Amino acid sequence: MTTPTLASLTPEARSLLETQDIELPSWAFGNSGTRFRVFATPGTPRTPYEKLADAAQVQAYTGAASRVSLHIPWDEVDDYADLKRHAADLGVTLGAINSNVFQDEDYKFGSLCSPDPAVRRKAVDAHKHCIEIMSATGSRDLKIWLADGTNYPGQDSIRGRQERLAEGLHEIYAALAPDQRLLLEYKFFEPAFYHTDVPDWGTSLLHCLDLGEQAMVVLDTGHHAPGTNIEFIVAQLLRVGRLGAFDFNSRFYADDDLIVGAADPFQLFRIMNEIVSAGALAPDSGVAFVLDQCHNLEAKIPGEIRSILNVQEATAKALLVDRGALAAAQRNCDVLGANAVLLDAYNTDVRPLLAELRESQGLDPDPMGAFLASGYLDAITAARVGGQQAGWGA
Ligand code: PSV
Ligand code: MN
């Protein structure tokens, strides 16, 4: 393939690249780590306000990260209208509200699936609180990930827990406004090691279908067993119109939460290829592209910038796939020809094209270089002295 330029793109492909928007997780800007140690980073935000300021830097230099997800209670504030105003002043908006019903003593044996009705009530109420926040922040999506499950066979009734889950989800769903969505994330293990109550896309989809049209599945790329064909799941969920959001990240082993595209850029390309071929990249497609990452060792803002660039590169490559040639090769059962069409796009260097796109949008062609040269990291290191650095509380 010849080196692509802006002029060589179709108007549709250009516009999709120009409007691509990837939501940032507020928690990526706080400290995180493994169960062995959470290392502090100088300049780490102390408040949700400071997290938004850091997220706004990613948007300022990439122009492709205008929304920020909040995690409640990690990002609890007194006045959400004020937080919303603060975000707007910084040039970003508040995105999905993530519920956290996994870090309270009461949730030791589960939240919505707990055998204890009082705990289930508390978990449902925590979600209703999130919905109230959504109304104040203007957020569309309530994202639910549950740590619920068991560690030993026989510990609790698998079926009984599904019934409790369905009941809790119905009550939460009923509290949504018509323009709000419930997004149900799945994860095959961790922290539960024997069974997890929402382990896979099938379980999530069954609950969503039962709930109604405002319920959608969240696909976190790190939440699958090694070797899982994630793009197949993407294609399947798109087919039935129930892919609500991605949580993008990379895994080498378990749920590593590393930078998206770092472990397997070809997998990210294959995922974006399914998205593009289904027409699901458009801003109004209903699929939210969100990062869910932790930067334990690397600097956090550059880590998020790198992530945005990786998604943009995979997307640009997917947009370069010669769809006509691919369809013809597939019709003719030309196995290697069809595969070559995909590989041709994947092996194209799209970095000059994206640099040209950024310049056309008034951005620096090298977001990482420009951010590092800006002095922002030194400024926050000097300014954010004292107080309690934000962290994920593990
Ligand atoms: C669970 O591993 C998860 O992916 C969920 O999305 C949580 O909300 C998030 O991580 C917290 O980091
Ligand atoms: Mn996730």
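Start by selecting C333. This cysteine sits just after helix 10 and takes a positive phi of about 55 degrees. Keep in mind that you are looking at a predicted model.

**Back into helix 10**

Now select helix 10, residues 323-331. Go to its start and show the side chain of D322. A side-chain oxygen of D322 comes to within 3.3 Å of the backbone nitrogen of G324.

**Another positive phi**

Next, pick D257. Its phi is near 55 degrees, a positive value in a residue other than glycine. Most residues other than glycine have a negative phi, and most peptide bonds are trans. To place D257, show strand 9 (243-248) and helix 8 (265-277): the residue lies in the loop between them.

**Two cis peptide bonds**

Select I72 and P73. The peptide bond joining I72 and P73 is cis, with omega about 20 degrees. P73 belongs to the loop between strand 2 (67-72) and helix 3 (80-90).

Then move to E190 and P191. A cis peptide bond joins E190 to P191 too, and here omega is about 5 degrees. Look for P191 in the loop that runs between strand 6 (181-185) and strand 7 (195-196).

Switch to a cartoon view.

Zoom in on strand 3 (residues 93-99) and strand 4 (residues 141-144). These two run parallel and are joined by two bridges. Pick I97: its bridge partner in strand 4 is L142.

**The ligand**

Finish with ligand 1. Where does ligand 1 sit? The space it takes is the largest pocket.

- H71: a polar side-chain atom lies 2.8 Å from a ligand oxygen.
- D255: an N or O atom of the side chain is 3.0 Å from a ligand oxygen.
- H223: a polar side-chain atom lies 3.1 Å from a ligand oxygen.

How much of the ligand's accessible area does the protein cover? On its own, ligand 1 has 310 Å² of accessible area, and the protein covers 94% of that.

Conventions:
Residues numbered from 1 in each chain as written. Chains lettered and ligands numbered in written order. Predicted model: local features only at pLDDT ≥ 70, side-chain atom pairs only at ≥ 80, totals over all residues. Heavy atoms only, no water. Polar contact = N/O pair within 3.5 Å; in protein donor to acceptor, adjacent residues only side chain to side chain. Areas by Shrake-Rupley, 256 points an atom, 1.4 Å probe, with all protein chains shown as cover. 1 Å grid on protein atoms, 1.4 Å probe; cavity = no way out; pocket = protein on both sides within 12 Å on 5 of 7 lines; lining within 4 Å. Sits in = over half its atoms within 2 Å of the grid points. Helix = DSSP H or I, 4+ residues; strand = E, 2+ residues; numbered from the N terminus. Pairing = 2+ DSSP bridges.
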